[in-house]
Amino acid sequence: MDNINTPTTREVSGGGFLKFVAYLQIIGIILVVLGHSMHEHPDGMQGKTTYVYRMMYSFRMPLFIFVSGLLLGYTTVLRRGKISWTAFVSGKLKRLMVPFITLTLVTFVPRAMMSGVADDALELSWRSLAASMVRSDSMVIPFFWFLQTSFTLLVVTYGIVLLSRKIRVNEAVVYIALVVAYGALPWIDCLHVTWFSLSDTCRLALYFVLGVVYARYRGAVDRAISWESPRVLVIWASAWAVLFYFTENTDFSVVCSLCGIAMNISLAKILEERHITVLDHLRGANYIIFLLSWYLNVLCQQVLSHYTDFPWWAYSMLSLVSGIYVPWCVFRYIQRHPDGLISRAAVMLLGQSAKKK
């Protein structure tokens, strides 16, 4: 079993499994930016009443958090506990929480001054700033709750895995216990707790741990499921669409979300297996797209719509394209000029990595 799950040289160097994960990340970030680019939809609800948006929403963030767990599972297999919990937490603080704090501080004053054109007003006060740091319903950049949720799930789960290895608990038992425990979180009284995005953490924890489990046992799972088959993709897509129709806003919607994740796993596997490179230029840029796309979304929609009179879809297309490719240009600059001032600042303040010459 260890041989099945030990990363190959190709995987460690960026091919194989990591390329497949990169495709999952790219699909996820495109859907995230698309969802944030429908602000001017005629329904007056940012497109949230449309069938397409609701179907996309059924698996979009579960997929994103699943990938976080997938990468944690991959690294725990690769490193087998060689990184201490404190070092791991320190790394995640730099990667996730430093960018969160940096962009919150940079954006707070302009965001408060623009409350007149924003959907929700933000008070220019120290109390409001403090709340934006710790409460998901008061954030300067609303979807940054994901950073807090990812941080919590990563450090808690990694700590549990390390502890279980130290006291020699059977690994399969640990994963089963985590699936049961995380799966039970939505049923306890934490779904309305906004402190440090606890409600979202509870809501998405199951998808995270399933990502960890899949990474750990992917050899056996991939032998059982022919992900690369277009027929399998159609089956998962059909199951997702049918389940969405019958389970939306019910306790069984989690099954629909899991089918949506499986559909995207199959799609990413097909892209990797058949060497379809249409998304390759975005590899590695998903995180900075996530961090910076909000600024382009706001500029193209809430700001631009006050001075121009284009149809709603024009704002959406501009928001989608610029939300992806302006941050991508920043990413490319960082990679090409790793020793530049901007690149070094991005590495330190935005949790980025730069290729060293």
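## Model and confidence

Where pLDDT is low, the predicted coordinates should not be read in detail. The mean pLDDT of the protein is 88, and 91% of its residues reach 70 or more.

This is a predicted model: local features need pLDDT of at least 70, side-chain atom pairs count only at pLDDT 80 or more, and totals for chains, interfaces and linings use all residues. Residues are numbered from 1 along each chain as its sequence is written, and side-chain values use heavy atoms, without hydrogens and water.

## Nonpolar core

The largest nonpolar core has 93 residues. Such a core is a set of buried Ala, Val, Leu, Ile, Met, Phe, Trp, Tyr and Cys residues joined through side-chain atoms within 4.5 Å. Buried means under 20% relative accessible area, exposed over 50%, partly exposed in between (1.4 Å probe, protein chains only). Phe20, Leu70, Phe144, Phe290 and Leu291 touch the most other members. Helix H3 (residues 17-35) gives the largest share, eleven residues. Helices are DSSP runs (H or I, at least four residues), numbered from the N terminus.

Beyond four places in sequence, Leu291 touches Pro99, Leu103, Phe144, Leu147, Leu350 and Gln352.

## Two buried residues

Ala285 sits in the loop between helix H13 (253-273) and helix H14 (286-303). Ala285 counts as buried because its relative accessibility is 0%. Outside four places in sequence, Ala285 contacts Trp328 and Phe331.

Thr201 belongs to helix H10 (residues 198-216). Its relative accessible area is 5%, so Thr201 is buried. Thr149, Thr152, Leu153 and Phe196 are its contacts, leaving aside neighbours within four places in sequence.

## Salt bridges

The whole structure holds seven salt bridges. Each is a side-chain nitrogen of Lys or Arg within 4 Å of a carboxyl oxygen of Asp or Glu. Asp137 pairs with Arg135 at 2.8 Å, N to O. Asp137 is partly exposed at 46%, and Arg135 is partly exposed at 34%.

Arg165 bridges to Glu171, with the closest N and O atoms 3.8 Å apart. Arg165, Glu171 and Arg216 are linked in a network of salt bridges. Lys269 and Asp222 meet at 3.0 Å, N to O. Lys269 lies in helix H13 and Asp222 in helix H11 (residues 218-224), so this pair ties together parts 47 residues apart in sequence. Lys269 is buried at 9%, whereas Asp222 is partly exposed at 25%.

Key
pLDDT is the predictor's confidence in each residue, from 0 to 100. Contact means heavy atoms within 4.5 Å.
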